[in-house]
Amino acid sequence: MTKPKRSARNICKRSAHQNFKLIEIEEQKKLTLTGLKQFYVDIQEDMKLKNLVSLLMDVQYNQAFIFVKKVERAKKLHQLLEKMKLQVLTIHRQMTQERRIEQYKSFKEGAKRILVTTNLMARGIDINKVNLVINFDCPAGSDDYLHRVGRAGRFNTPGIAVTFVTTEEDKKVLKEIQDRFEVKITEFPKNIEEAKLL
């Protein structure tokens with residue numbers, strides 16, 4: 001005979017004082033990242049690098065995270081940006097822990113302005129100079145998006161998040177993000193100077 005499933009509420013009722021109070025927390029619906037402006041760029045895959053470089057040249061920023069899906073993409077993008085004489089570091093899971101820490105410290109201290117990474121650096125990283133996040137590859141879902149863009153605009157400072165959208169799947173993810181968090185992600189402005197991004 002199987003035992004009936006016991007809910008957390010029933011367990012609390014049995015073990016708590018008779019006058020206990022039940023507090024229920026609803027799932028967060030709104031994306032509350034104060035000061036973060038969120039944009040998307042509808043783009044073909046072969047135009048991503050050109051548009052990325054334009055963003056890095058035209059948008060005023062202190063430091064930037066660039067998120068990609070795969071380690072090999074991170075390595076390749078690092079090489080290409082380095083060839084263009086941009087100040088770039090990379091962190092991914094194929095590096096030793098020591099090397100990752102070294103790269104992280106270097107970025108945090110402001111030695112370089114750009115960090116190319118995978119979702120490995122999407123959570124729990126607080127660097128107050130970061131005010132630009134670029135999703136070179138669209139995240140797989142709304143949770144990944146939230147953690148990635150949350151790297152910018154922290155400490156009550158303004159920030160920008162830009163997501164490259166290339167496939168129908170990317171468009172579905174973008175819609176999921178906007179529906180879940182009740183946030184409007186607008187198309188990146190054609191005229192950056194007039195947009196007053198930061």
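Modeller: About 240 Å³ of space lies in the largest pocket, where a pocket is, on a 1 Å grid over the protein atoms alone, an open set of points at which a 1.4 Å probe fits, with protein on both sides within 12 Å along at least five of seven lines, and the volume is the space filled by probe spheres set on the points, joined across faces, edges and corners. This is a predicted model, in which local features need pLDDT of at least 70 and side-chain atom pairs count only at pLDDT 80 or more, while totals for chains, interfaces and linings use all residues. Residues are numbered from 1 along each chain as its sequence is written, and side-chain values use heavy atoms, with hydrogens and water left out.

The lining (residues with an atom within 4 Å of a point) comprises 13 residues, and Val 41, Asn 51, Phe 188, Pro 189 and Lys 190 lie nearest the centre of the pocket. By type, the lining divides into 7 nonpolar, 2 polar and 4 charged residues, with Pro counted as nonpolar and Gly as polar. S1 and H2 each supply at least two lining residues, and H2 gives the most, with 4; helices (H or I, at least four residues) and strands (E, at least two) are DSSP runs, numbered from the N terminus.

Two of the residues nearest the centre, Val 41 and Asn 51, are also touched by Phe 164, whose contacts (heavy atoms within 4.5 Å) include Leu 52, Leu 55 and Ile 134 as well.

How values were computed:
Lists of a residue's contacts leave out its neighbours within four places in sequence.
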